[in-house]
Amino acid sequence: MNEIEILTCLSHPNLVTLFGCTSRHSRELLLVYEYIPNGTVADHLHGDQAKDGSLAWPIRMKIAIETASALAYLHDSDIIHRDVKTDNILLDNDFCVKVGDFGLSRLFPNHATHVSTAPQGTPGYVDPEYHRCYQLTNKSDVYSFGVVLIELISSLPAVDINRHRDEINLANIAVNRIQNQAIHELIDPSLGFESDPSIERMTFSVAEVAFRCLQLDMDMRPTMKEIMEALMEIQAYKDENAGKIIDDGSALTTRTPPTSPDKRCCVVEEQSGASFTSFGDQ
């Protein structure tokens, strides 16, 4: 019911579409979504669909921007996703993003600074400040998205118990490498950053954006809108200074105005032979 309440008031090309719901003898509630055929980002980075070259850097950059766009839209709609992770970022056959799974999402009360609630989410992605203070804000999504960005540039999973105990969480690895000016040790060599200066600049800049997202002090993290604009700026690189991250001590800014994000919608097959309650115009 929470997913229904959240999704019936949303419409964005990078959010999964809820077609409707039906119950079986008023006991089992079924949710009917559009079919997204190409698995998740996690599948392509770490799972059965992971293979060298399957997610080239331009595709990863596109995924980052479209996911940021979806989350910025949610935050503008006073909704916190609460479980941002690569398993919940679905892809169609054109690698167009569809963010899904709103089972943990929360509607944010108007004018509230936070929601006091027991921490929920996925290990490796949960905001440490939220876990410590039980205060959920949209900056909790920002932290989780920072982990997603690091996954996209490193191809490493968010949690791996086979790593050294200080590096089980990918966020810890990223913060350590970036603070020690060893970003190159974080980036997946298969992306070609060592031979392509433009990919090197872009991946390093995305790592800097992720670093800002992973700040322990939530007030030091940028908003999703600022993150989206910075990522679009990095993607553009119109001149030597385009996409450079400026640290003003409070938020993330860029040197030139961002361009408009790609608003393409994915083609959805018409569902037939099913009986359900439809929400909105399809």
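In this predicted model, helix α5 (residues 138-154) and helix α7 run with their axes coming within 8 Å and crossing at roughly 155°. Axes here are lines fitted to C-alpha atoms, for helices over the stretch in contact, with angles from 0 to 180 degrees between N-to-C directions. Angles over 145 degrees count as roughly antiparallel, so that label goes to α5 and α7. Their crossing is left-handed, meaning that the near helix is turned anticlockwise from the far one by less than a right angle. On the α5 side, the contact (heavy atoms within 4.5 Å) is made by Val-142, Tyr-143, Gly-146, Leu-149, Ile-150 and Ile-153. From α7 come Thr-203, Val-206, Ala-207, Val-209, Ala-210 and Cys-213.

Phe-193 sits in the loop between α6 (170-179) and α7 (197-213), while Phe-204 is in α7 itself, 11 residues apart. Phe-193 is buried at 5% relative accessible area, whereas Phe-204 is partly exposed at 23%. Buried means under 20% relative accessible area, exposed over 50%, and partly exposed in between (1.4 Å probe, protein chains only).

Elsewhere, Val-16 lies in the loop between α1 (2-7) and β1 (18-24). Val-16 is buried too, with a relative accessible area of 9%. Leaving aside residues up to four places away in sequence, Val-16 touches Leu-7, Tyr-33, Glu-34, Ile-36, Lys-98, Val-99, Gly-100 and Phe-102.

As for the whole chain, 8 helices and 11 strands were assigned, taken as DSSP runs (helices H or I, at least four residues; strands E, at least two) and numbered from the N terminus. Of the 282 residues, 48% count as buried. Among contacts between residues at least 6 apart in sequence, 65% join residues at least 24 apart.

Residues are numbered from 1 along each chain as its sequence is written, and side-chain values use heavy atoms, with hydrogens and water left out. Local features need pLDDT of at least 70 and side-chain atom pairs count only at pLDDT 80 or more, while totals for chains, interfaces and linings use all residues.

Key: Parallel < 35°, antiparallel > 145°, perpendicular 65-115°, else oblique.
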